[in-house]
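I opened the file to look up the fold, the sheet and the ligand shell.

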Amino acid sequence: MNAGKELKEIFFATKRLISACEEMGLEPPMLPEGALEFTERPVLRKPAPPSAQSMNPEKSAPETLKNKPPSSPFDSLEDLRKHMGDCRRCDLHNGRKHMVFGEGNPKARLVFVGEGPGVDEDREGRPFVGKSGQLLTRIIENGMGLTRDAVYICNVVKCRPPGNRDPKPDEISVCLPFLKAQLSIIGPEAICALGRVACQALMGGDFKITRHRGKWRTYEGIPLMPTFHPAYLLRNAAAKRPVWDDVKSIMGKLGLEVTQNG
Ligand code: SF4
């Protein structure tokens, strides 16, 4: 890709990110003053005709939602899902069969966050239903003595990256406000971040899952436990023991009794 084309792509990705943040009532990311002014011109200051706004679900956020504080721009997960509509804010919409919003208890005490849907999740429109998902379900049911309905399960990006590659930084940036809104609405007592991508998206920085798993962090005041992604466990049986240690730590944090041996 030549430099001009690359710059153009960066420019449009930044516009999409700012637009997504503004629609959700969130502050746009920190950008150099000149860059913000430049990107604001076409995106933030050009009003769409009323008919186009009402026809386009991506632009149809009710004014009442925009007036809410950044930490809680939506009243419910249903409101948020409606607001997302047939989301085409990033390129991942191109290859998806279904958007995978997330599922579970809207008042869950514990939220699991993965990186993105795989082929099975894309087909069914539900998170963690393939082999990795079955392992996560066993962890929740057999390890923790809970049910999937008792917790909430979602991903950083809601549409499947092609070929199960990692989501790209610009895709994460555009979709992340939706995950943040989900966490804000649910208000869990603990978050379990599954794998490097989920940890890095929520915690920022250069996150090394092998080094940082098992150590409590805090996301917006909510205790966050980084642990391995179930897909990694399927390839590395030796990782099951540390994950069980992390699960026990989460149970301790939630005041749940440990009755299994992992
Ligand atoms: S990954 Fe997220 S931002 Fe991108 S199209 Fe899907 S829902 Fe929209």
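The entries below go from the whole chain to single residues.

**Entry 1: ground rules.** I am working with a predicted model: local features need pLDDT of at least 70, side-chain atom pairs count only at pLDDT 80 or more, and totals for chains, interfaces and linings use all residues. I number residues from 1 along each chain as its sequence is written.

**Entry 2: confidence.** I looked up pLDDT, the predictor's confidence in each residue, from 0 to 100. The chain mean is 81, and 71% of its residues reach 70 or more. Over residues 30–70 the pLDDT is below 50, and this stretch has 36 contacts in the model beyond near neighbours in sequence. For contacts I use C-beta atoms, placed from the backbone, that lie within 7 Å of each other. Where pLDDT is low, the predicted coordinates should not be read in detail.

**Entry 3: the whole chain.** I took helices (H or I, at least four residues) and strands (E, at least two) as DSSP runs, numbered from the N terminus. The chain has 12 helices and 6 strands. I call a residue buried if 20 or more other C-beta atoms lie within 10 Å of its own, exposed if 12 or fewer, and partly exposed in between, with C-beta atoms placed from the backbone. Of the 262 residues, 38% count as buried. Among contacts in the chain with a separation of 6 or more, 71% join residues 24 or more positions apart.

**Entry 4: the sheet.** In what order do the 6 strands of the open sheet lie? I read β1-β3-β2-β4-β6-β5, with mixed pairing. The edge strands are β1 (103–104) and β5, and each pairs on one side only. Helix α12 (residues 240–254) packs on the sheet and touches β2, β4 and β6. The direction of α12 makes about 170° with that of β6; for such angles, axes are lines fitted to C-alpha atoms, for helices over the stretch in contact, and values run from 0 to 180 degrees between N-to-C directions.

**Entry 5: pairings.** Two strands pair if DSSP finds at least two bridges between them. β1 and β3 pair in the antiparallel sense over 2 bridges. I found Glu 103 opposite Ile 153 in β3, and Gly 104 has Tyr 152 as its bridge partner there. β2 runs parallel to β3, joined by 4 bridges. Here Val 111 stands opposite Tyr 152, and Gly 114 opposite Asn 155. β2 also runs parallel to β4, again with 4 bridges. In β4, Ile 191 is the bridge partner of Val 111.

Entry 6: Why is β2 largely enclosed by the rest of the structure? I count 5 of the 5 residues of β2 as buried, so the strand is largely enclosed. Leu 110, Phe 112 and Gly 114 lie on one side, Val 111 and Val 113 on the other. In a regular strand the side chains alternate between the two faces of the sheet. In β3, Tyr 152 and Cys 154 point one way and Ile 153 and Asn 155 the other, and all are buried.

**Entry 7: helix α9.** Helix α9 (residues 196–203) is mostly covered, with 7 of its 8 residues buried. Among them are Arg 196, Gln 200 and Leu 202. The cover includes β2 (110–114), α8, β4 (190–194), α10 (209–212), β5 (217–219) and β6 (222–227). Just after α9, Gly 204 takes a positive phi of about 75°.

**Entry 8: Leu 146.** I found Leu 146 in the loop between α7 (131–143) and β3 (152–155). Buried or partly exposed? Leu 146 counts as partly exposed because it has 19 C-beta neighbours inside 10 Å. Not counting residues up to four places away in sequence, Leu 146 touches Ile 140, Glu 141 and Val 151.

**Entry 9: the ligand.** Which residues come nearest to the ligand? I list Cys 87, Cys 90, His 93, Cys 159 and Cys 175, out of 14 residues around the ligand. A residue is near a molecule if its C-beta atom, placed from the backbone, lies within 6 Å of it. Helix α8 (residues 169–186) gives the largest share of the shell, 3 residues. The shell divides into 9 nonpolar, 1 polar and 4 charged residues. Ala, Val, Leu, Ile, Met, Phe, Trp, Tyr, Cys and Pro count as nonpolar, Asp, Glu, Lys and Arg as charged, and the others, Gly among them, as polar.

Terms used
Two residues are in contact if their C-beta atoms, placed from the backbone, lie within 7 Å.
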